[in-house]
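Please open the structure in the viewer and keep the selection tool at hand.

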Amino acid sequence: MSLSIDRRLRSLLGEDPAHYWEKSANIRLGYWGERAAAQIYFTHELSKVNDRKYEAVVESALSIAEEGLRLEGLIGQKMALLVEEALAPVAAEAKNYEILCVAHAHIDMNWMWSWDETVAVTLDTFRTMLILMEEYPQFKFSQSQAAIYRIVEQHAPDMLEEIRRRVAEGRWEVTASHWVEADKNMPNGESLSRHLLYSKRYLSELFGLEPDSLNLDFEPDTFGHSVNVPEILASGGVKYYYHCRGNEAPALYRWEAPSGRSVIVYREPTWYNDNIQAVLGAYVPAVCAQTGLNTYLNVYGVGDHGGGPTRRDLERITDMQTWPVYPRLRFGTYREYFALAESVAAQLPVVTGEQNFVFTGCYTSQSRIKTANRVGETALYEAELFSAIAAAAEGARYPSASLEEAWRNVLFNQFHDILPGSGVLETREHALGLFQNTLATANANRKLALEKLAASIDTTALSVDIREDSTSEGAGAGYGAKSFRVTQVERGGGNTRIVHIFNPSVFEREESVEIVLWDWTSPVKAMSVKDSGGREMPYQWLDQGRHWYWNHEFTRLLVHVKLPPCGYATYTVSEGEEELKPFMPNDPRIDEEMAYVLENERLRVEFDPVDATVRSMIVKSTGDQLIDPARPAGLFHRIVEDAGKGMTAWWIGRYREVENLHRQVILKKGTWGNVRQSLLYELTFGRSKLKVEVSLDRNSSQLTYEVECDWQEIGTQEAGIPQLNFVWPLAYKSSSYQYDVPFGVIERGPLDLDVPANRFAHAVPEDASEPSILLATSNKYGFRGNDNALTVSLIRSSFDPDPYPEQGSSHKFTLAICTVDPTDRVDNARLIELAVPLQHPPTVLSGKVHPGSRPLDGSFLKRTAGSATISAVKRPEEDSTGESWIVRVYESQGRIAEVKLELFRPVSQAWWVDAHERTVPDDSPVMVHGNEVSFTLPPHSVRSLCVTFD
């Protein structure tokens with residue numbers, strides 16, 4: 001009988017009920033017919049969750065409706081009342097159910113339009129809501145995104161006062177715990193924490209709200225949700241989560257992070273952009289049966305481009321409250337619904353793991369916006385770190401306000417249509433403009449802090465000759481800014497230069513660093529590079545001759561250095577003793593075999609002399625071969641994706657063509673010496689060109705690809721979607737792959753699908769004794785681990801909504817093939833550290849001779865024990881003295897970590913705080929012994945530590 005009723009209902013409605021009501025109910029059935037059909041439909045669904053006990057009632061009512069249609073061609077008032085009379089035995093139970101109608105206006109930030117239009121949409125929408133509130137006293141409205149309230153504050157302060165009044169009376173619900181409705185896969189964990197910090201601080205001050213009342217993360221349209229989101233939210237006092245995409249989980253569930261912390265989640269069972277439709281009652285019985293509540297949450301309001309609830313919505317709610325065999329309807333808020341959800345929290349199903357994947361093309365589309373995000377995050381980390389050090393060490397001013405504004409720019413660009421690259425040209429232009437402002441703030445404050453620290457270093461023991469005719473001091477103004485680096489301006493002169501090199505990592509680093517010598521006055525021949533103890537350091541020239549830069553000349557030196565953790569080392573560069581030799585001609589006497597091999601103390605890497613692919617990679621200490629002879633590595637491919645699926649910025653299409661670009665390769669040796677060996681090659685395809693430098697540095701286990709691509713490929717519906725990717729086949733079997741995600745590392749099985757990672761993908765060998773490969777990137781997010789290979793998607797020319805997203809400038813990125821020792825693989829923190837140098841290279845600062853209180857080498861912070869990663873060191877928002885730090889740490893291995901941190905000054909006290917920097921109780925005390933702080937970090941946890949210096 002149920003199948004017959006389903007068919008008859010479908011016939012009554014004329015088409016799919018889920019779409020019927022919007023299109024033609026009032027035309028075909030009219031008001032009374034729609035009302036009668038909706039109550040029949042609801043009763044039918046109610047019967048299904050009650051062992052079909054109301055089938056006879058439904059049958060009777062449906063027959064009356066069908067008869068009315070047969071006789072009169074419609075269901076009029078008389079026939080509808082007869083239907084309601086037939087359904088009357090169910091009326092009491094129907095009224096046990098409630099539909100809580102929560103109004104919202106989904107406003108996308110700069111999705112298909114420019115920033116000025118976003119401002120207009122916001123103000124127009126809010127004016128509509130305020131007008132409706134005047135006319136409908138019962139109407140309540142909820143609005144997310146702190147950035148939206150910032151728009152009102154800046155552009156319509158009088159409107160803000162009206163909103164404040166509505167907030168105070170409880171009719172305007174502020175649901176924003178994040179700056180925007182952000183992507184949850186590509187921002188790093190620190191960014192997701194800053195959404196909480198800055199949004200709650202801003203909104204609680206703007207509206208006089210308790211920060212703890214902002215406990216909902218409203219993410220209706222976000223494209224997937226990373227595994228540690230519940231841990232991050234819980235640490236910031238967020239208890240509830242609303243989303244639509246990312247899983248097919250129950251409507252109400254508890255999402256548990258690997259740490260064990262959780263949030264209560266409502267997964268929208270229909271859609272987040274909806275109007276009030278008679279059909280909504282049909283969803284109530286099944287959803288309520290799952291949730292254990294008699295209240296169904298219905299989110300309504302025109303969205304994407306704002307608009308919000310309409311007069312028709314409010315009139316329908318008012319009218320539907322009178323329907324006799326239908327759930328009760330009322331205007332409400334999310335806070336009311338989640339308060340009810342708390343009553344059934346213990347009975348909710350538990351969901352674990354990431355809630356992914358959807359729109360996997362968004363991990364690659366609009367690559368310049370993604371570069372801006374990665375660079376912005378890393379630059380702000382260093383600006384805060386060194387500013388906090390300079391404040392505590394030298395009493396320097398800590399630029400809280402400007403750093404917060406720069407963070408807001410980064411957070412805004414993490415909106416789920418901006419960072420994923422699913423916007424138009426204007427979206428990109430605005431995002432990159434914000435990025436320029438961000439980088440100006442970050443690099444200015446980073447350099448000011450470093451200069452303050454450099455000025456405190458006692459360099460009087462270093463002998464430097466001063467020349468009155470020197471033109472070098474001040475040379476290099478702005479040099480390095482195009483690479484997003486702190487500029488290398490010269491402060492010295494003569495033929496001995498002082499160089500301070502700063503390490504932003506909390507572990508010691510040994511690597512090659514580029515030093516720029518400005519206006520060197522003597523012939524460039526033999527050089528001497530010495531550390532603070534006078535020991536000669538290996539060096540080599542990066543290029544021969546001198547280069548001109550804004551009326552100054554420079555040459556580049558590559559030096560192998562050792563840097564203390566989170567500190568600095570001082571070096572001198574001067575003329576060396578050149579050995580006098582008799583003149584000899586340069587012409588060769590014999591021809592030797594040309595070997596395309598890069599080799600250092602750790603690795604021997606052999607390249608194919610024809611196509612420049614890697615044919616052999618041997619770990620010299622063990623003899624392990626990391627390349628399968630049948631599958632050469634280091635391949636660049638041009639992919640053509642099928643565009644038939646549409647929405648090309650969002651979706652990666654079926655690969656319909658895979659072209660190996662390693663043909664007619666121009667290959668030659670690059671720089672060659674005792675610090676670095678490199679090969680240069682060029683690949684040409686279509687109208688595009690790749691320039692690649694592959695290098696192996698002294699004592700390094702990492703093969704580095706510096707890539708510059710003049711990308712001129714354009715996607716169309718007919719030609720498909722061009723994509724550039726890089727593939728590294730493995731010589732060992734891998735059945736799982738690890739990726740770093742916000743505040744952690746996740747292991748996934750093989751997937752022939754792009755998946756998100758913050759910085760790297762690691763192919764886990766089935767044989768635990770084997771060395772393995774980790775692929776790290778400077779600014780890419782879309783990886784594949786599949787078929788015993790690691791792949792990263794580099795550039796793709798989607799064509800809608802932006803027809804030319806990748807044209808206009810040269811693309812630069814770095815790839816690192818890191819060999820992972822089996823002993824390193826047992827610690828995910830170590831895997832993370834392998835990828836750190838690509839994001840946080842050392843910073844070089846020119847120095848001078850002056851007295852100071854600090855030694856030539858020094859460390860400000862180092863981790864001396866425990867598997868933990870530091871994501872932030874900053875001054876507390878409420879501290880104006882510079883005598884305290886906030887240190888954020890996380891555990892990624894899944895085991896208890898006993899962590900010790902050593903600081904440069906004695907510590908008076910240390911305690912745990914939450915993401916809002918408020919003291920929180922914790923079962924694990926923080927121990928202080930002089931300069932050392934020690935604590936226990938639970939598995940997979942994120943914790944924030946406040947440290948106060950003596």
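Helices (H or I, at least four residues) and strands (E, at least two) are DSSP runs, numbered from the N terminus. This is a predicted model, in which local features need pLDDT of at least 70 and side-chain atom pairs count only at pLDDT 80 or more, while totals for chains, interfaces and linings use all residues. Residues are numbered from 1 along each chain as its sequence is written, and side-chain values use heavy atoms, with hydrogens and water left out.

**Backbone stops**

Select Q664, which is found in the loop between strand 23 (655-660) and strand 24 (666-672). Q664 is not a glycine, yet its phi is positive, at about 50°. Q664 counts as exposed at 76% relative accessibility; buried means under 20% relative accessible area, exposed over 50%, and partly exposed in between (1.4 Å probe, protein chains only).

Next, select N551, in the loop between strand 15 (547-549) and strand 16 (552-563). The phi of N551 is also positive, near 70°, and N551 is exposed, with a relative accessible area of 74%. Most residues other than glycine have a negative phi, and most peptide bonds are trans.

Proceed to the peptide bond from N356 to F357, which is cis, with omega near 5°. F357 is placed in the loop between strand 10 (350-352) and helix 16 (367-394). The peptide bond from D800 to P801 is cis as well, with omega near 10°; P801 is in the loop between strand 35 (789-796) and strand 36 (811-820).

**Salt bridges**

The structure holds 66 salt bridges, each being a side-chain nitrogen of Lys or Arg within 4 Å of a carboxyl oxygen of Asp or Glu. Select E84 and R35, whose side chains meet in one of them (2.5 Å, N to O). E84 lies in helix 6 (residues 77-87) and R35 in helix 4 (residues 30-48), so the pair ties together parts that are 49 residues apart in sequence. E84 is buried at 7% relative accessibility, and R35 is buried at 9%.

Now select R631 and D787, a salt bridge with its closest N and O atoms 3.8 Å apart. This pair links distant parts of the chain, 156 residues apart: R631 is in the loop between strand 21 (624-625) and strand 22 (635-641), and D787 in the loop between strand 34 (782-786) and strand 35. R631 is partly exposed, at 25% relative accessibility, whereas D787 is exposed, at 55%.

Finally, select E98, K140, R328, R330 and E336, which are linked in a network of salt bridges.
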